[in-house]
Structures are given as structure tokens and as C-alpha cells.
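Q: I have a structure open and I'd like to go through it piece by piece. Can we start with what the basic words mean?

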Amino acid sequence: MSADAITGADALVLAAVRAGVRACFANPGTTEMPLVTALDRVPGMRAVLGLHENVCTGAADGYARIAGQAAMTLLHLGPGLANGLANLHNARRAHTPIVNVVGDHASWHLQYDAPLTSDIAALAATVGAVHTVTSRNSISRVMRSAIDDAHRSPGVSTVVVPADYQQHSASESVAEPGTRASRGRVDADRISQVAKHLRDAGPAAMMLLGGNALTRAAQEAAWRISSATGAVLFCETFPARAERGGGLPNIDRLPYFPEQAVAALKDAAAVIVAGADEPVAYFGYEGIPSVLSPPGAVVPLARPQEDAEAALLDLAEIIGGTVPSVRSTPVEQPDDAAPLTGSTVGQSVAASLPEDAIVSVEGGTSGYPFYTASAAARAHTVLTNTGGAIGQGLPCALGAAIAAPDRPVFALQSDGSGLYTAQALWTMSRERCNVVVLIAANHSYNVLRTELGRHGNSHFGPQANALTSLADPCIDWVALANAFDVTANRATTAGELRKTMDDAVAAGGPHLIEMAL
Ligand SMILES: Cc1ncc(C[n+]2csc(CCOP(=O)(O)OP(=O)(O)O)c2C)c(N)n1
Ligand SMILES: [Mg+2]
């Protein structure tokens with residue numbers, strides 16, 4: 001297209017396509033209509049409708065974690081962006097590259113403070129960089145630098161684009177693709193210093209892996225290092241994306257509760273962090289330290305934004321060591337008649353996972369036991385809720401399924417969290433996604449009951465009970481799924497769960513299994 005034949009909106013979409021962006025999770029309104037038109041005029045971008053913006057942003061997160069390439073969202077003004085902020089918060093914590101495109105009123109209309117006017121930039125700044133289009137000559141350049149920011153950080157960036165600049169013909173030529181921005185490399189000095197720390201500390205060293213230190217190659221490098229020095233390996237508590245199973249070492253997550261995490265780290269002479277932040281407690285509890293590792297023990301190899309995989313490979317070359325040969329043990333399996341509990345669910349799901357599956361995990365009830373069991377499962381990829389804003393698991397599974405249509409995707413999902421963004425089921429249905437949603441139906445906000453106990457309230461009054469129970473009325477997940485045209489079953493035993501999982505995978509398309517816990 002020549003510059004004078006295209007609108008600003010065309011130029012924006014073209015700049016995104018040329019930079020390799022292939023999916024746009026959208027819930028547009030009046031101020032984004034030229035962009036909606038552009039999605040038809042410019043080939044190469046798949047537009048996916050989400051029925052709430054937090055579905056769009058969570059799906060963009062899941063997509064980009066799997067594709068390794070920025071995803072785009074298209075959101076309506078400040079309120080649309082605000083609806084998507086919880087999952088953008090999670091994406092920021094996951095260091096996921098996302099570019100939000102948010103329409104604004106026409107530049108000449110903004111001064112009148114019409115009803116939908118708000119401070120979009122202020123909202124966007126809470127999750128990452130903000131780029132505002134201020135003339136019709138710069139729309140594709142602004143988009144291109146927002147995409148570069150998202151890849152380089154990696155993280156969230158937002159483009160605010162007034163409607164008139166979208167509509168007018170673009171008076172700039174669309175930027176040709178340059179080299180893709182990428183994570184910063186760790187310098188050789190830092191790597192040799194870490195090697196020295198590892199040698200000095202021997203088995204008293206601990207390595208905490210996160211970010212891209214959880215690829216298969218990076219974990220194998222860490223395993224070599226650990227076999228040579230005795231260093232103990234841990235994975236961050238909520239990894240954005242971790243490869244697991246299929247003969248990889250069993251690298252457990254650092255425990256969630258701070259007492260247990262402090263106990264795990266207390267004897268460490270050095271805590272080498274690779275692709276992770278220094279570990280801190282998820283919440284502050286009176287009398288329990290916020291900083292989990294012993295004072296002065298943390299030694300950064302690679303920050304989450306840096307290339308931890310490359311740093312680990314270099315470090316393994318310096319340290320030496322070989323990947324130990326271990327016999328793989330099959331996943332322990334409960335009897336067919338075993339009732340469903342967190343632990344029998346974790347084991348059954350781990351045992352039934354097909355090769356190359358993706359598992360989006362949200363909620364502790366079956367999430368933690370699954371991680372324990374899944375080390376012995378077939379090779380798979382785990383995605384977790386990195387920022388703790390619930391309502392992430394179903395959108396994340398949706399986005400992952402769109403990024404990898406040939407891989408079976410599972411959403412191992414607690415019920416309360418699932419209801420924040422249950423309409424993700426509708427998009428799974430219309431896009432024919434291969435997602436099997438496994439709902440841990442305990443009909444409660446169970447983790448909050450545990451937290452009430454930790455805060456000294458073990459005998460709940462009626463209000464505390466009401467604020468943590470989902471049992472009255474009891475949510476019928478099978479009916480809910482059916483309403484979105486998603487096939488659904490209920491499982492009450494381990495045998496039923498395995499059978500329905502196998503059947504769902506064989507049938508393809510979206511499927512929901514309500515697991516009666
Ligand atoms: C956006 C957001 N709102 C509220 C919370 C507080 N919160 C944490 S866990 C939870 C309930 C979880 O219940 P469920 O998903 O059913 O998990 P389970 O019963 O398996 O513990 C709530 C409301 C949160 N973390 N994020
Ligand atoms: Mg629950």
C-alpha cells in the first residue's frame with residue numbers, strides 16, 4: 001500500500017503485522033472503528049473477540065507466553081483498559097510482551113470532557129510504558145516503538161490513539177521491519193563471578209530459576225551445574241512459563257507460605273537468582289520476615305528481563321558437569337474409585353497429560369498437588385498466575401490455544417477464580433480451541449478460609465462464612481459451559497476424571513469437566 005492510500009489505522013495495523021504481531025484480542029467501541037476496519041483491510045492479523053477486556057488481556061498474556069512474540073489488544077478508551085488492568089498486572093509480573101491499542105476521542109473533541117473521557121495514560125502507566133499518538137504523521141512509528149519496548153523489556157506497553165488520527169489518511173510511510181528487540185545479555189564478568197560463588201558455596205548454594213531460565217535447555221544447564229557443584233535448584237513460586245516433565249529434573253517451586261520458604265532457604269550460603277527477582281514473601285505477616293533469603297546471600301546471575309537462558313548455558317560451560325542419567329518413574333496414580341481431592345486430581349491429571357500439552361494453572365487446590373505430581377509426567381509447559389490477580393487462568397488458556405492450535409491445552413482451574421472471567425468459555429467455543437477446562441469445584445474461596453485461620457479466625461462467624469462460601473447457590477458448571485456451547489461433564493472419582501479427560505482430548509475442541517471435590 002502506498003502511504004496516501006491508507007488510513008492511520010491501516011498504518012498502525014500494518015506496522016504491527018510487519019513487526020510479527022499476529023493476534024489481536026479485542027473488545028472495541030466507537031473510538032476504535034477505523035482500527036476494526038483496518039483489521040479487514042490489512043491482511044495478517046487474527047482478530048479475536050473477548051466478551052470482557054480482562055479476557056482480552058489475559059488471552060494476550062497466554063498467547064505471548066507461548067508464541068514468544070508480542071500480542072496486541074484493542075480496547076475501548078479508559079474504561080475498557082481499566083477492565084483489562086488486572087490481567088495486564090499479571091502480564092507485567094510475567095514480563096510478557098503485550099501492546100495495548102486504546103482508542104481515544106478525536107483530538108478536537110477531548111476538550112469537551114464528554115462522558116467517556118478519562119485519563120487513559122494514567123491507567124496505562126500502572127502496567128508499563130505509554131505511547132500517545134499526537135499527530136497523524138507518527139502513528140506507525142509510535143506503534144513500532146511500542147512493540148520494540150514490549151519485546152525489549154519484555155513487558156506491557158500501551159498506544160493511545162485518538163480516533164481522528166486513525167481515520168485520516170496516513171502521511172508517513174510505514175516502518176519496515178528492523179531487527180527485533182530482545183532481552184539484554186548478561187556480561188561475562190558477572191557470569192564468572194557467579195561461577196566463583198557456586199564453587200565456594202558448593203552444596204550450600206541454591207539456584208532460583210524463573211523467566212527464561214525455565215526453558216528445557218536452561219533447566220538442563222542448571223542440572224549440569226547442580227550435578228557438578230551440589231547446588232540445590234528451585235523454581236520461582238509462580239513461573240510465567242516453565243517446561244516440565246519428559247525427563248527434566250524435578251525442580252520444585254519455592255513454597256508459597258513464607259515460613260516454609262524461609263525454612264527452605266535458611267542454610268543457603270548463596271542464592272543465585274536466574275531470571276527471577278530476589279524472593280520476598282507474597283504477603284506480610286506479623287513476625288515473619290518479608291525477605292526470604294538470608295541477609296547478603298542473593299547473587300544475581302540474570303534479572304527477569306535479561307537473557308537467563310544464555311547466561312545459564314555460559315555458566316554451565318564454565319562449571320562443567322553432565323546431565324545426570326535418571327530412570328523415569330511413572331506418575332503415581334490413585335485407584336479408579338478414589339474420590340477427588342487436590343492430591344488425587346493432581347496425580348490423575350499428571351498421569352493423563354498427553355505429550356506436549358500446555359497447562360494453565362490457577363488456584364491452589366489442585367494446582368500445588370499437580371506441580372508435585374507433574375515432574376514425572378510427559379513433557380509439557382506450565383503457565384501460572386504470576387501476579388495473583390485472579391481471573392487469569394481461563395483467558396490465559398484461551399490465548400495459549402490460539403498461539404499453539406496443534407497442542408492440547410488444559411486449564412487446571414479453581415472455581416472461584418474461574419468465575420471472574422467465565423465468558424472466556426464463549427471465545428474458546430467460537431474459536432474452536434482445543435482446551436480442556438478442569439474445574440476444582442469445592443464451591444468455596446478455600447484459600448481465603450486458610451488465610452482466615454492464619455489470621456486467628458478458625459471458627460468463622462456467619463459473615464466470614466458467607467464471604468468465603470460459593471455453595472448457596474451452588475454453581476452448575478456443566479450448565480454454565482453448555483450455555484456457551486461447550487461440551488461438559490462431571491467427574492467424581494479419579495477413574496472418571498481420567499476417562500473424561502482422555503475422551504475430551506480425543507474429541508478435540510473445548511470441553512469442561514467439573515471435578516466434584
Ligand atoms: C482480582 C483479585 N480479587 C480478589 C482476590 C482475593 N482472592 C484470592 S484467592 C480468592 C478466592 C480463590 O478461590 P478459588 O479460586 O475457588 O480457589 P480455591 O477454592 O481452590 O482456594 C480471592 C477472592 C485476588 N487475589 N485477586
Ligand atoms: Mg474454590
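A: Buried means under 20% relative accessible area, and exposed means over 50%. Keep in mind that this is a predicted model.

Q: Fine. Which residues of α9 are buried?
A: In helix α9 these are I191, V194, A195, L198 and A201. They cover an arc of only 140 degrees around the axis, so they lie on the same side of α9.

Q: Why would residues a few places apart point the same way?
A: An α-helix has 3.6 residues a turn, so residues three or four places apart point the same way.

Q: And which exposed residues are on the face turned away from the buried side of α9?
A: That face carries D189, K196, R199 and D200, which are exposed.

Q: You mentioned β7. Which sheet is it in?
A: β7 belongs to an open sheet of four strands, in the order β8-β7-β10-β11, with parallel pairing. β8 (232-235) and β11 stand at the edges with a single partner strand each, so one side of each has no neighbour in the sheet. From one strand to the next, the twist averages 25 degrees.

Q: How many bridges do β7 and β10 share?
A: They pair in the parallel sense over five bridges. L209 stands opposite A274 in β10.

Q: What holds strands together in general?
A: Strands of a sheet pair through backbone hydrogen bonds, either parallel or antiparallel.

Q: New topic: the sheet of seven strands. What is its order?
A: The order is β9-β13-β12-β14-β15-β17-β16, the sheet is open, and the pairing is mixed. β9 (242-244) and β16 (487-491) are the edge strands, each with a single partner, so one side of each is left without a neighbour in the sheet. Here the twist averages 20 degrees from one strand to the next.

Q: Take β14. How many of its residues are buried?
A: Six of the six residues in β14 (residues 409-414) are buried.

Q: Which strands does β14 pair with, and over how many bridges?
A: Five bridges join β14 to β12 (residues 357-362), and the two run parallel. V361 stands opposite L412 in β14. Six bridges join β14 to β15, again in parallel. There, the bridge partner of S414 is A440 in β15.

Q: What about β15 and β17?
A: Strand β15 (residues 435-441) runs parallel to β17 (residues 511-516), and six bridges join them. V436 stands opposite H511 in β17.

Q: Are D415 and S444 buried or exposed?
A: D415 is buried, and S444 is buried as well.

Q: Next, α3. What span should it have?
A: Helix α3 (residues 53-67) has 15 residues, and at 1.5 Å a residue they should span 21 Å. Its end C-alpha atoms are 21 Å apart, which agrees.

Q: How many of its residues are buried?
A: In α3, 14 of the 15 residues are buried. Just after α3, G68 takes a positive phi of about 65 degrees.

Q: Last one: A91. Where is it?
A: A91 is found in helix α5 (residues 85-94). Its relative accessible area is 0%, so A91 counts as buried.

Q: What is A91 in contact with?
A: Leaving aside neighbours within four places in sequence, A91 is in contact with D61, T96, I98 and V156. A91 and G58 are 33 residues apart in sequence, and their C-alpha atoms are 7.5 Å apart in space.

Key
Residues numbered from 1 in each chain as written. Chains lettered and ligands numbered in written order. Predicted model: local features only at pLDDT ≥ 70, side-chain atom pairs only at ≥ 80, totals over all residues. Heavy atoms only, no water. Pairing = 2+ DSSP bridges. Axes fitted to C-alpha atoms, helices over the stretch in contact; angles between N-to-C directions. Buried < 20%, exposed > 50% of the residue type's maximum accessible area, 1.4 Å probe, protein only. Arc of directions from axis to C-beta. Contact = heavy atoms within 4.5 Å. Expected span 1.5 Å × (residues − 1).
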